[in-house]
Amino acid sequence: MSKYTKLTQALPSGHSTVIFLIDALVSSISLPIALILRVGSGRADEILNEVPFSAPLFLVVAMATFWTMRTYRRLWRFVSVGDLVEIAKGTTLAISVYLLLLLLTGHLAWMPRSIPAILWLVQIAMMGGARVIRRLVAEYLSGAVNPPQPILSPVGRSRRVLLVGSSDRVERLLRYIEREGDTGLHPIGILDTVGVRGTMQVRGVPILGSTCELSRVVERLEASDQRPQCLLFASHPDQLRGSATVGIAAEAQSLNLDVAYLPGLITYRPNSSEKLDLRFIDIAELLGRPQIGLDSKSLQAAIHGRRVLVTGAGGTIGRELVRQIAAFEPERLILLDACEFNLYEIDLEMCENHPRVSRTPVLCSIRQREQLMRVFAEHRPELVFHAAALKHVPLVEEHPTAGVQTNILGTRNVADAVMRYGALAMVQVSTDKAVNPVGFMGVTKRLGELYCQALDLAGVDTVDAPRFMTVRFGNVLGSSGSLIPLFQRQLSRGGPLTVTHKDIERFFMTVHEAVQLVLHSAARGLYNEDSRGRIHVLDMGAPVRIMDVARRMIRLAGLEPDLDVNIEIVGLRPGEKLFEELFDSKEKQFPSGMQGVFEAVSHVVPLPILQRAFDQLEAAANRGDDAACRTTARALLSREATPARRRSEPQIERPQLVAHLG
């Protein structure tokens with residue numbers, strides 16, 4: 001390389017020359033400013049007149065130092081902490097050389113002892129401040145800082161996103177979004193993975209709460225017309241396979257939010273030109289097993305243009321049912337719920353998201369038999385999805401009468417209305433707790449299964465007989481009162497996490513795939529008479545130890561189990577089982593026409609026996625006799641017959657059945 005080439009490379013370019021000259025201007029005035037701050041303007045003028053070479057000498061030393069360190073070659077637009085550290089190093093060296101020269105020449109006596117420290121602060125503040133101001137101006141003009149309009153995507157629409165993660169990872173993600181003007185992402189808030197941080201912000205985006213408050217945060221944003229459309233994780237992809245992420249993603253899915261992450265964020269560098277791609281999370285990957293898929297054609301044929309009624313429409317399962325059913329454009333949706341607020345919320349959501357779907361909200365309890373019959377008489381639903389139930393094991397254990405009135409008699413009311421008013425089919429949502437039930441909640445759900453099964457078999461020889469299908473769920477992630485939100489709340493408060501038993505296990509599924517199972521059962525039942533009396537069960541893989549879930553959630557929060565957050569064993573709750581089962585040992589299992597779904601045929605209790613026992617349960621419940629409710633219900637379960645062939649079982653004749661229903 002020639003001497004000319006070396007000299008050319010050493011000389012600053014046009015852009016670098018501007019930076020060099022600005023640094024020279026700062027160095028020329030920093031010593032006078034330091035003197036003014038120390039002794040006042042009048043005395044500073046006297047000192048500079050007495051020692052006229054002091055300021056020019058510092059300018060020469062400083063610029064020689066910064067030239068040697070090549071500080072002028074750093075782009076101001078991407079100024080970082082590293083740039084400020086280099087300025088501090090250069091300023092320290094320049095002042096040290098300057099003081100040494102004054103000492104060697106015998107001209108140090110005029111300088112007050114505090115001037116070097118003040119000069120150091122002034123030089124760094126002015127050089128660093130100039131760079132920071134330059135970057136802020138550039139980013140504001142490019143629309144990255146407080147943009148006057150939301151950043152638009154290439155198709156002209158902005159996607160409002162909630163960011164999820166620790167503050168440092170969220171900050172990196174926000175820097176990327178700011179740098180790329182065409183991401184189509186408009187951050188409106190942050191959910192912190194550890195806990196709420198008051199009114200704090202990260203790069204101007206507010207922290208709205210912790211991850212366990214997702215539903216409340218979405219509700220608040222929706223009220224201010226800022227409802228998010230996507231949940232964006234600022235996490236390493238390897239950390240997205242934990243139960244905590246599954247719970248958040250499942251809840252987001254139930255709130256109709258997309259869930260995404262940026263796989264390259266972990267290697268992102270602020271000054272790089274690397275493009276990162278937005279990837280949407282498949283909940284199936286988080287669960288470690290495939291989800292069942294919708295057969296759109298069969299569901300379209302089953303739902304489109306029909307009148308559909310959903311009980312418990314404002315609950316977790318009912319709400320997701322309504323969302324998915326609305327996509328198939330039924331003739332009318334009848335939303336039935338006993339909770340006024342839940343009914344209002346789902347009706348408002350349908351109004352906003354599916355305004356063309358005709359709907360009727362009905363405030364009614366399934367316990368109110370006569371009112372329920374009037375609802376059926378008025379709207380004549382063709383498909384009925386029965387999701388209303390009492391599901392919390394300890395509460396039903398403490399209030400058996402309420403469990404009987406809702407889960408047994410309420411189910412009978414809905415099923416009888418289906419029979420009386422000629423609906424095509426009813427699908428009942430059940431639970432794995434109905435298998436070999438220990439708690440009374442499981443007993444009530446099992447009796448509901450038996451009643452629907454008996455009604456379904458009663459129409460085996462009648463062409464136009466309604467179908468009664470039952471689907472059996474495990475624990476639904478993200479549902480109200482479920483495990484993951486409980487752990488998230490406990491973790492946000494610093495623990496401890498409470499587990500009922502060190503060996504307790506549960507099956508898990510998302511609300512989305514639970515509802516798909518319900519819809520598939522309806523479509524299959526309408527067009528397959530051979531499946532009468534069968535219960536549909538999702539293959540949920542192996543059960544998961546709750547202790548493992550708790551430990552993974554603690555580690556996902558960046559903490560260590562038993563060190564940072566304790567796990568307490570609190571003992572099994574009343575009516576709670578250590579291990580859940582999907583099938584009774586007496587049930588026969590069959591493959592179904594749906595991948596990942598099994599069908600079970602259980603022993604049948606004849607319909608006349610069920611009807612007489614249900615009448616006894618109704619009388620006991622009306623008296624408020626908890627003991628009689630327990631005794632009668634459990635005695636009825638022991639009456640499950642051992643059928644040889646279903647057609648040979650004693651069945652109530654259809655004319656008698658219609659007469660019984662009134």
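Helix α14 (residues 369-379) has five named positions in its buried set: Leu 372, Met 373, Val 375, Phe 376 and His 379. Buried means under 20% relative accessible area, exposed over 50%, and partly exposed in between (1.4 Å probe, protein chains only). Glu 370, Arg 374 and Glu 378 are exposed, on the face of α14 turned away from its buried side.

The model is predicted; local features need pLDDT of at least 70, side-chain atom pairs count only at pLDDT 80 or more, and totals for chains, interfaces and linings use all residues. Residues are numbered from 1 along each chain as its sequence is written, and side-chain values use heavy atoms, without hydrogens and water.

The buried residues of α14 pack against several elements. These are β8, β9 (332-337), β10 (359-363), β11 (383-386) and α16 (400-420). A contact means heavy atoms within 4.5 Å. Arg 380 follows α14 and has a positive phi, near 45 degrees.

The secondary structure of the protein comprises 23 helices and 22 strands. Helices (H or I, at least four residues) and strands (E, at least two) are DSSP runs, numbered from the N terminus. Of the 662 residues in the protein, 52% are buried. Contacts between residues at least 6 apart in sequence were also examined; 78% of them join residues at least 24 apart. The protein exposes about 29,700 Å², and carbon and sulfur atoms supply 55% of this area. Accessible areas come from the Shrake-Rupley method with a 1.4 Å probe; for residues, only the protein chains shown count as cover.

Confidence is expressed as pLDDT, the predictor's confidence in each residue, from 0 to 100. The protein averages a pLDDT of 77, and 73% of the residues score at least 70. Among the elements, strand β8 (residues 307-311) has the highest mean pLDDT, 97. Helix α1 (residues 3-10) has the lowest, 42. Over residues 1-13 the pLDDT is below 50, and this stretch has 12 contacts in the model beyond near neighbours in sequence. Residues 146-156 also have a pLDDT below 50; there, 17 contacts reach beyond near neighbours in sequence.

Cys 230 counts as buried, at 1% relative accessibility. Cys 364 is buried too, with a relative accessible area of 2%.
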